[in-house]
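Dear colleague,

Please find below the structure for your review.

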Amino acid sequence: MRPIENRKFVLASHNKGKLAEFAGLLAPFGYEVLSVAELGLPEPEETGTEFEQNAYIKAHAAATATGLPALSDDSGMCADALGGAPGVYTADWATQPDGSRDFGIAMEKVERLLREKGALAPQQRRARFVAVLCLCFPDGKAEFYRGEVEGHLVWPPRGELGFGYDPVFQPDGYERTFGEMTAEEKHGWKPGDTHALSHRARAFQKFAQARLGVR
Ligand code: IMP
């Protein structure tokens with residue numbers, strides 16, 4: 001397996017919520033981590049219809065622009081009653097005409113569509129968060145790590161923590177939404193643990209096992 005030379009790579013994300021979560025997940029490992037946001041690199045257009053495709057587009061763009069290995073995350077929320085939507089379009093559902101993102105409006109849209117389907121009981125509101133991490137090298141070689149977490153969508157939103165759709169997602173086995181959990185609780189994982197909770201932590205755990213020497 002090709003090494004990550006000089007313990008240095010770039011995070012291919014402009015999303016502050018994701019970058020903060022990655023900073024926390026990566027903190028124990030002693031890597032130098034830059035982000036495309038701080039380097040002022042543009043966001044490539046995400047034209048894929050699968051999480052893996054968009055993760056590759058982002059990581060490949062960052063790796064070729066910097067000459068460093070790049071780690072991206074493409075993620076989203078998939079609601080069963082909506083045929084898996086918004087899925088890869090999760091961020092797009094929050095995009096406003098002026099280009100800004102409003103996740104309150106996006107959560108209201110999901111709720112309106114669920115009500116139109118008559119999905120009011122928790123078992124009719126099943127959903128999962130998916131995260132696909134892509135580690136891509138400047139020559140285009142890439143590897144993928146996928147994590148998922150199952151739960152249901154609540155209304156009204158609860159909690160001020162986290163980001164995106166966290167306030168409406170209650171993972172199975174918990175009484176609180178991701179928006180009511182600290183980052184530590186939401187990830188449920190640190191090196192040495194066998195259990196991870198969030199989709200991103202589950203994907204990151206696989207990456208850490210393959211790449212960072214974690215068992
Ligand atoms: P993308 O991967 O940049 O296309 O954006 C994925 C979108 O999914 C984000 O903008 C969030 O709205 C949502 N999302 C992904 N992961 C999470 C999470 O951990 N909590 C809440 N929302 C998330």
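Two rings of Phe, Tyr or Trp are counted as a pair if their centres lie within 6.5 Å. In this predicted model, such ring pairs link F9, F22, F29, Y31, Y145, F204 and F207 into a cluster. Over the whole structure, the search finds 10 aromatic pairs.

One of these pairs is formed by F29 and F204, with 6.2 Å from centre to centre and 50° between the planes, and it is tilted. F29 lies in the loop between α1 (16-26) and β2 (32-35), while F204 belongs to helix α5 (residues 199-211), so the pair ties together parts that are 175 residues apart in sequence. F29 is buried, because its relative accessibility is 11% and the limit for buried is under 20%. F204 is likewise buried, at 0% relative accessibility.

A further pair consists of F103 and Y165. Their ring centres are 5.7 Å apart and their planes stand at 70°, so this pair is edge-to-face. F103 is in helix α3 (residues 103-116) and Y165 in the loop between β5 (142-153) and β6 (169-171), so that distant parts of the chain, 62 residues apart, are linked. With a relative accessibility of 25%, F103 counts as partly exposed, whereas Y165 is buried, its relative accessible area being 3%.

Finally, two arginine side chains deserve mention. The charged end of R7 sits over the ring of Y31, 4.3 Å from the ring centre, and Y31 is one of the members of the cluster. The charged end of R2 sits over the ring of F137, at 4.5 Å from the centre.

Yours sincerely

Terms used
Residues are numbered from 1 along each chain as its sequence is written. This is a predicted model: local features need pLDDT of at least 70, side-chain atom pairs count only at pLDDT 80 or more; totals for chains, interfaces and linings use all residues. Side-chain values use heavy atoms; hydrogens and water are left out. Rings of Phe, Tyr and Trp (its six-membered ring) pair if their centres lie within 6.5 Å; planes under 30 degrees apart count as stacked, over 60 as edge-to-face and the rest as tilted. Helices (H or I, at least four residues) and strands (E, at least two) are DSSP runs, numbered from the N terminus. Buried means under 20% relative accessible area, exposed over 50%, partly exposed in between (1.4 Å probe, protein chains only). A charge sits over a ring if NZ of Lys or CZ of Arg is within 6 Å of the ring centre and within 35 degrees of the ring normal.
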